[in-house]
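Here is a friendly look at how charged side chains pair up in the model below. Have the sequence and the 3D view at hand as you read.

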Amino acid sequence: VLIAPSLGDRVRLQQAARLKKLQEQEKQQKVEFRKRMEKEVSDFIQDSGQIKKKFQPMNKIERSILHDVVEVAGLTSFSFGEDDDCRYVMIFKKEFAPSDEELDSYRRGEEWDPQKAEEKRKLKELAQRQEEEAAQQGPVVVSPASDYKDKYSHLIGKGAAKDAAHMLQANKTYGCGEATVRLGVAGRGA
């Protein structure tokens, strides 16, 4: 006796078939993308006038595939961009690998300008030399433009700070002054 599949079983079979078809399509798209990236990377390698190439933003899987293709080809690659939607890959020929400054520039979303970088490097060196010279000269003595006593003399008077220092006594509430007072009293009575 043959039993016909139930409606639930038929739905599950249809869903499984659709899922398998989608997975096959996705796999085929990845294979096609990889072939396209291999062609672009190969063209890049053949073009002696190019030392770097910037690709359009792509998703994480596509970037991963491209990084793999680049590594197999013996090149260098980096991903840049803040959001996952706008991250892109740049590839470089090994002999023209980017400097740390160049990478920092791309990470900040700026275009790399070697002339500006050279100027910035020179300014940094100059500042460092000036710091070293200043350190060799010894500590810098800083003297304020005005004396706080003069600045606040209308509030505290001319001799207030000196008078306050002379009148300083131990605060009896913290026990410092009472011990002396007791000793004085006990000493007088004896």
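## Ground rules

A salt bridge here is a side-chain nitrogen of Lys or Arg within 4 Å of a carboxyl oxygen of Asp or Glu. By this rule the count comes to ten salt bridges.

This is a predicted model, in which local features need pLDDT of at least 70 and side-chain atom pairs count only at pLDDT 80 or more, while totals for chains, interfaces and linings use all residues. Residues are numbered from 1 along each chain as its sequence is written, and side-chain values use heavy atoms, leaving out hydrogens and water.

## A network between two helices

Let's begin with Arg34, Glu38 and Asp68, which are linked in a network of salt bridges. Within this group, the closest N and O atoms of Asp68 and Arg34 are 2.7 Å apart. This pair links distant parts of the chain, with Asp68 in helix α2 (residues 60–73) and Arg34 in helix α1, 34 residues apart. Helices are DSSP runs (H or I, at least four residues), numbered from the N terminus.

Asp68 is partly exposed at 33% relative accessibility, and so is Arg34 at 26%. Partly exposed lies between buried (under 20% relative accessible area) and exposed (over 50%), using a 1.4 Å probe and protein chains only.

In helix α1 (residues 7–46), Asp9 and Arg12 sit three residues apart, about one turn of the helix. Their salt bridge brings the closest N and O atoms to 2.7 Å. Asp9 is partly exposed at 32%, whereas Arg12 is exposed at 52%.

Helix α4 (residues 114–137) holds Glu125 and Arg121, four residues apart. Their side chains meet in a salt bridge at 2.3 Å, N to O.
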